[in-house]
Structure formats: structure tokens, C-alpha cells
Amino acid sequence: MEFTCLSKGDGFHFPPCSMLNLCGFRILLDCPIDFSALTIFSPVPPAFSGRFDVESSQTEPVVRKRQRIEKQLDANDLIFEEPWYKTVKSLHLWDASFIDIVLISSPMGMLGLPFLTRSKGFAAKVYATEATSRIGQLLMEDLVSMHMEFRQFYGPKDSGCPQWMRWEELQVLPSALKEIALGKDCEELGAWMPLYSAADVKDCTRRVQTLKYAEEACYNGTLIIKPFSSGLEIGACNWTISCPQGNTACISNSIFGSSHAMEFDYDALQGNDLLVYSDFSSLKTMEDAENNTNNFGPVTGTSSNLREEDNHWQEAAATLLKNDGTSEEAEKLAFICTCSIDSVKAGGSVLIAIDRLGILLQLLEQLSIFLESSTLSVPVYIISSVAEKLLAYMNIIPEWLCKQRQEKLFSGEPLFGHVKLMKERKIQVFSAVHSPELLKNWQEPCIVFSPHWSLRLGAVVHLLRRWCSDQNSLLVLESGLDANMALLPFKPMEMKILQCSFTSGIGLQKVQPLLKTLQPKSLLFPKDLRCPIKFSESNKIYLYHENEMLCIPRMNHSTEIEIVTDLAYTFKVKSWKQESMSRLRGELFMEHGKYRLLSGSKTANSQQQRLLLHWGSPDLEKLLTELSKKGIDGSIKQVNGGAIDGAEPENPATTLLVHHPSKALIEVREACTVITAADENLASQISDAMDSVLGGI
């Protein structure tokens, strides 16, 4: 098995991406887009900003550009062209036609999939949960819709390479922008691609085979694939892959407890032959882990044995769901609501650019409660081309939600509070900022929920330009984005900014208890995560780096095979060196991840079957007796220390010379026996005699 981590990702919006070669099948785990790279583009052309002269900017000599590279960034330094989108930096180096399977773990991990499906020769099978597929489709449609505004500002895109990607233009970019565009080693330019179309999105979703949690999918009769809840988002999952070589579990970003999505199903991931751990969310807390003395021990090559101090993994399992972070998350949401109410009371408006669906739904519920308690009458707008469809879908998927949400279904309550709020007109949904209905109902101050997280797409651009100079207004952002660069087109900023972080994966302190609970025989673990891991001495841990192919030895050295009853009755077991062997004749099939031996179309007479496997060295005296019964005369000659036909002196051979009916030679050495005869019929008779003096099947 081979494993390559193509990208560590960066939190919720940019999940990790890996390539797994299992049983000869190449499997891609997730295909995201790095939206944080969009910050190098200006959301509007210079003519719309009114902050600098267009002609001077466009005709400015290259020399002047070079002179201002190292100065503090401003809006003039951004790229004023229709943006391309940055995919996983190493994925473009792989031939898409060689990918057999794509496993999508979350809606965010699906947004780069149309780049692959539109590639020539791509024929892979794509698997995702039903909820992930539907939410991912809506997010991609919204992305295409928001991108159309760039077309309106900058005109139709060029058919070839855009102006900003020319080397002379890249060379004069400020260092901060150049690092995003090219990467630290100037090797990421090939990861940029023009955005797909609405037709590409339809073709992409048509290729996806949707699954429910724990539902099996069999690929090519060899791999059994199952998704299990990861708790990160509605429909998000981890994967298990079963094959004749063993069982593999793949863990991406996961959350143990959630206030909206089904909780992390770690029970289904226990006891696998190999666990691929790809949750890099705890990298940000590594400074605390570096002070811990119980880190990984010395590593030989790529694997290291781990020690287990105790077997109380049941206790570890019980602690996993304790302090799951839901209370801390609720406190953050309450703080956002408090700050929003304060801004509205001061006469300002609130712009919430959070794209996490679960957080957004909970925030709507919390905010309505705070507004009622404050007796404020403030309109709440949601502006998105797919918001209406997305919110409607959220109320018909109880099987993907946490138990608390599911209980609301049985009590006759809506799964989420936005349903009631929309009926009461406390929340108004509009498809675009220029919608006639929105313009008719627009009031300020107000609270607006609008994508996009990057502050480069959608209604958020227009609203930021409107309120950026209002010191009473508030912008709510999610962490993971360089706020200074994202806000460059809107400076000077008088608007208050609140940047929040939400749980995006497994915390560092819970990694070891989780691995103790799952008890995999082998573990693939990021070398960057230097957290204390202890495991059984009989198990191995393999450490991997980004963009480094790691070869894993065969997980299961024995192979199970199902044999039909009529063949099983033909067993004739023979023993050799404490091993039992039998010879069967049938047709071997791979079905549902298991080998099956079926009766062949022709059943040969067992007495006429030749022995195909022999063991031991022949007794030449017995062989000579068997040959004489067939009318073959010969004599035995012992050779000690000599060299016959190229044999080394230290490898003596005992020979049997056949004189009649024609010449033949039988050489018996320690490692092999060689029969040399010019007459084919004589060679066949000697072989038959060998069958009678040697054990075999």
C-alpha cells in the first residue's frame, strides 16, 4: 500500500487531501479549494474604488512597481483581474485518468471536484453521503453565481493564460502576494485553475454515488467502502475501506460532540488493521505539545513501535465525549450576539460572513432570542443565491442531525429555529443584493448573513464597501483568514471587526485517548503532530510528511477464501513440515471484497491429474526402481566437490545416468533437481516416476 499526503489543508474551509493506493486502486480522499488564496485579488476594478487613478496604475513602469514591493501592502498591490482558484498544490501533478475512486468527507471537500470531473479521461467513481452531495452541490452553484460578478466587472476571461500569471508580472508582486501565488518554493502556480461552469457542476454531481451512514458500497468486487459520521458538519464523514489485504479507516477533521450534526461515530472505526489519521486541526496548538516530554520515541526509517502502559481504553472512550466543546461554542455564539446587539443599539449594522452551515443555523436561533430580549425591531437578512434551497433542505434531514435535533421531530417542532423565524418574517431571505424585493424592504440598521468567507465574493463585497467607514457597524469573520489582506480593498476601515474561531477538528489533548480507543494494528500519523502517543509494542506507527510517498507493508499476511461445498468435500489433505495442503480445481472470483472458489465448468478425473507441487529431494534408489518398472535402465553416480554443467565445487550433485532407451541425465542438488532428456516421451516417463517417489499435491 502507498500513501501520499497531498495537502495538510487549513481548517474547516480547506480540509486535508490525500492519495491512497490500496489493492492496486488509486483513491483520492477529498478535493477542496484553498479560498484563502483569493485574497490576492481585488473584488472590484480600480475604477470602482475611487481611491487611485486608473491610468497611472495601468501605465506605471515596472521599475516603480519593483520599488514598492517591500513597502506595506495597500489596495493598489492586489491583482485586478478575474481570479483563478487555487486547488491542492500537488494534485495537478497526478494524471486524473489514473484515479479510480474519490471519497468526499465533507461539503468543503467537494468544492474542487468539478476541476477533476471536467478533466479528459477522468472516470473515477465518486462516493459521498447524501447530505454532503446535496449541500456541496448548492455551495458550488452559489460559488458559480457569485463568480459571475467578476465577469461583469472585468469582462469575459481570456482563453489562455491570464495576464497576472505571466512570469514578469509575478516577479514584481509584493512578497506576501507572491508567496500565495507561487508558494514558498515557487511550485504552486500549476495549482491555479479557472472556475468551472454551472454545467460542470451538474456533470460532477451526476457522477456522485450517494450513501447513508454505515451503508456499504462495493467497488469492482474488491473494496467495501462505508461512511461514518465525523461530527464536523451535516453529512460529514470518515471512511472505512475493507479489502482482502485488510481493513483501513481514514479519519479527517472530526468533532466528538456537535449541537447540530450527528456526533462522531468512533465505535465503527475500532480494531482496523490500519488507521490513516489526517486531522491536522491541532497543529495550531503544537507549541503546548512541544513542552511535553512524552513525545514520539526514536523513529527508524518511517515506523516506530509504541508502548502501552495500560489497557483501560474503555475509560478513555468514556472521556472522549466529555468537554466536547459544545458549551464553549455556545458561549462564542452568545458573545457574537451580544456584540451585534450593541452595534445595532449604537445605530450601526452587522455583517456576518460565516460560511459554516451549522454555526450559521445556530447563530440565527441565538440571535433571534437576543433580539426578543432586547425589544429591538431590527431586520435580519440572508443574502445568497442558494439560501432558500439550503434552509429548506435543512428541515427535512433528521437522520443526519444530532439526537437533540432528532427529538424535535418527534415532538412536532421544526429541526431548526429558522423555519419559525421565516414564517414570522423575522428573517428575510433574498437571492442577491440587487434583488428588487430586497431593495423594497431594505432598512438600516440591520443584520445581514452573507457569504463569502474570503470577503472577495458575493453580497459581502458590496455591503463592506457601504459600511466600512461606519465605526458603529460590525463585521463578524471566522478565523483562518488573513484579515489584514482580506480587508485591503475596503481600507481605511472604521468598522469594528470580530474574528472568531470555532472547533474544526480533534483537539490535541484527545488524540491519544482516541487512538487508545480505536486500537488499530498500524497507524499512519502526521509527523508534524508531535503529541504523546502510546500504543502496544506489537503495533507500528508510520510517520508521514506532506508530498512524501510512504510505502506500507502488507497489513494482513493471510488471505481468507470461501470455498463452495462440493469443492470442500474433495479435500485430500497432505502434510509437510507441519503445514497442511490440498489441491482443488475450480474458478477463483473476487466478490464483495472476498475471494470465492467456485466449481469449474470441467471436472477432471483426480486420478489423471498430475502433481503440480512437490517437496523434498528424491530417493534415487527408489527412483531407479520405478524407472526400471517402465523399462528404463540407468545408474547412479556420486559427484563430490566437482563441477558438473557449471555447478560450483561447494555445491555437489548426485546424478542418475539413463542409458536405455535413450540418453538422459537427472541431477539432484540441495536446492533443485534437473531432468535433461532429448526424447520428450522419455522425459515424461521420468517425470511420472518422480511423482511416485516425491510427496506432492
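Predicted model: local features only at pLDDT ≥ 70, side-chain atom pairs only at ≥ 80, totals over all residues.
Reader: How many bridges join strand β31 to β32, and in which sense do they run?

Author: Strands are DSSP runs of E, at least two residues long, numbered from the N terminus. Two strands pair if DSSP finds at least two bridges between them. Here, five bridges join β31 (residues 654-660) to β32, and the two run antiparallel. Val 658 stands opposite Ala 664 in β32. A hairpin through three residues links β31 to β32.

Reader: Which residue of β33 is the bridge partner of Ala 664?

Author: Ala 677. β32 and β33 (residues 673-677) pair antiparallel over five bridges. Four residues lie between them in a hairpin.

Reader: Is β32 (residues 664-668) mostly covered or uncovered?

Author: Buried means under 20% relative accessible area, with a 1.4 Å probe and protein chains only. In β32, five of five residues are buried. One side carries Ala 664, Ile 666 and Val 668; the other carries Leu 665 and Glu 667.

Reader: Which residues have the most contacts inside the largest nonpolar core?

Author: A nonpolar core is a set of buried Ala, Val, Leu, Ile, Met, Phe, Trp, Tyr and Cys residues joined through side-chain atoms within 4.5 Å. The largest has 85 residues, and Leu 28, Tyr 196 and Leu 455 have the most contacts inside it. A second, separate core has 75 residues, including Tyr 219 and Val 344.

Conventions: Residues numbered from 1 in each chain as written. Heavy atoms only, no water. Buried < 20%, exposed > 50% of the residue type's maximum accessible area, 1.4 Å probe, protein only.
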